[in-house]
Each structure stands twice: as C-alpha cells, then as structure tokens.
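This report walks through one model, from overall make-up to single residues. The sequence and structure come first.

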Amino acid sequence: MNLKTYELLIYLIENNNSSFKIEELAKQFNVTSRSIRNYLSAIITFLESNNIDSDIINTKDKIQYVGEKDLSNQIFSSTSAIKEYNFPFVGIYAACGSGVL
C-alpha cells in the first residue's frame, strides 16, 4: 500500500457515511480516476488479508465507507498489518490519532 492509498483509506474512514464520486476524489488527490480505483482495490485487499471488517461500498462511479471511525485503530493494532505493509509514518499517525497526513 502506497502513501496515496493510505491517505484515501484514512480519508474514507474520517468521512464515514459520506459518498464520494471517483472523479472528485481523483481531483482532490491529484491522480486519475483509474488510480482511485486501483487504490480502492489495494485497500480492500489489505483489509481482507488482515481480517479487518469494513463496509466499503464501491459502485460504478462512487465510493463510500459505512462504518465506525475506529477502523483506523484496528488497522494499526494488528502487528501483521504493520509488518506486511511498511508505513514509515505509522507512529506519527498513531500519536496524533486523526487526519490525513
């Protein structure tokens, strides 16, 4: 998982129950719509491979996370998640506990 993918995951968690058009997210993250779709695929793979339950709704042109904001705590409490995906900034995020880096 790269930094942009991580930022998208945190953005979706922080804005839970909000729906976003893929094109809008692409503009916001300064990437293509295809990149957003690729990031979403990587997020889903990451969550599934670490047995983290999440409700990410992906329709043809929209993305929505429906769930609790505490998903970020689950992600970083799993040592296997941290070992498998090298996040050099995990300590910083865990220390501040909010927001996109």
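## Surface and fold

The protein exposes about 5800 Å², and carbon and sulfur atoms supply 46% of that area. This is a predicted model. Buried residues make up 39% of the 101 residues.

The protein has six helices and three strands. From the N terminus on, their order is α-β-α-α-β-β-α-α-α. Among contacts with a separation of 6 or more, 60% join residues 24 or more positions apart.

## Confidence

The mean pLDDT of the protein is 75, and 68% of its residues reach 70 or more. Confidence is highest in H2, at 95. Confidence is lowest in helix H6 (residues 90-96), at a mean of 45.

Two stretches call for caution. Over residues 79-84, pLDDT stays under 50, and the model has eight contacts beyond four places in sequence for them. Over residues 88-101, pLDDT also stays under 50; here the model has 22 contacts beyond four places in sequence.

## The nonpolar core

In soluble globular proteins, nonpolar side chains tend to be buried together. The largest nonpolar core of this protein holds 22 residues. Leu8, Leu25, Ile36, Ile56 and Ile63 touch the most other members. H1 gives the most, with seven residues.

What does Leu8 touch, leaving aside its neighbours within four places in sequence? Leu8 is in contact with Leu25, Phe29, Ile36, Tyr39, Leu40 and Ile43.

## Helix H1

At 1.5 Å a residue, its 12 residues should span 16 Å, and its end C-alpha atoms are 16 Å apart, which agrees. At the start of H1, a side-chain oxygen of Asn2 comes within 3.1 Å of the backbone nitrogen of Lys4.

Thr5 sits in helix H1. Its relative accessibility is 2%; the cut-off for buried is under 20%, so Thr5 counts as buried. Not counting residues up to four places away in sequence, Thr5 touches Tyr39, Ala42 and Ile43. Tyr39 and Ile43 are also among the contacts of Leu8.

Gln28 is in helix H2. Its side chain makes a polar contact with the side chain of Tyr11, at 3.3 Å. Gln28 itself is partly exposed, with a relative accessible area of 46%.

Two loop residues have positive phi. Asn17 lies in the loop between H1 and strand E1 (19-21). Its phi is near 70°, a positive value in a residue other than glycine. Asn30 lies in the loop between H2 and H3. Phi of Asn30 is near 60°, again positive in a residue other than glycine.

Where do these residues stand on exposure? The table lists the values.

| Residue | Relative accessible area | Class |
|---|---|---|
| Thr5 | 2% | buried |
| Asn17 | 47% | partly exposed |
| Gln28 | 46% | partly exposed |
| Asn30 | 67% | exposed |

Asn30 counts as exposed because its 67% relative accessibility is over 50%.

Definitions and conventions: Residues numbered from 1 in each chain as written. Predicted model: local features only at pLDDT ≥ 70, side-chain atom pairs only at ≥ 80, totals over all residues. Heavy atoms only, no water. Helix = DSSP H or I, 4+ residues; strand = E, 2+ residues; numbered from the N terminus. Buried < 20%, exposed > 50% of the residue type's maximum accessible area, 1.4 Å probe, protein only. Contact = heavy atoms within 4.5 Å. Areas by Shrake-Rupley, 256 points an atom, 1.4 Å probe, with all protein chains shown as cover. Core = buried A, V, L, I, M, F, W, Y, C linked by side-chain atoms within 4.5 Å. Polar contact = N/O pair within 3.5 Å; in protein donor to acceptor, adjacent residues only side chain to side chain. Expected span 1.5 Å × (residues − 1). pLDDT = per-residue confidence, 0-100.
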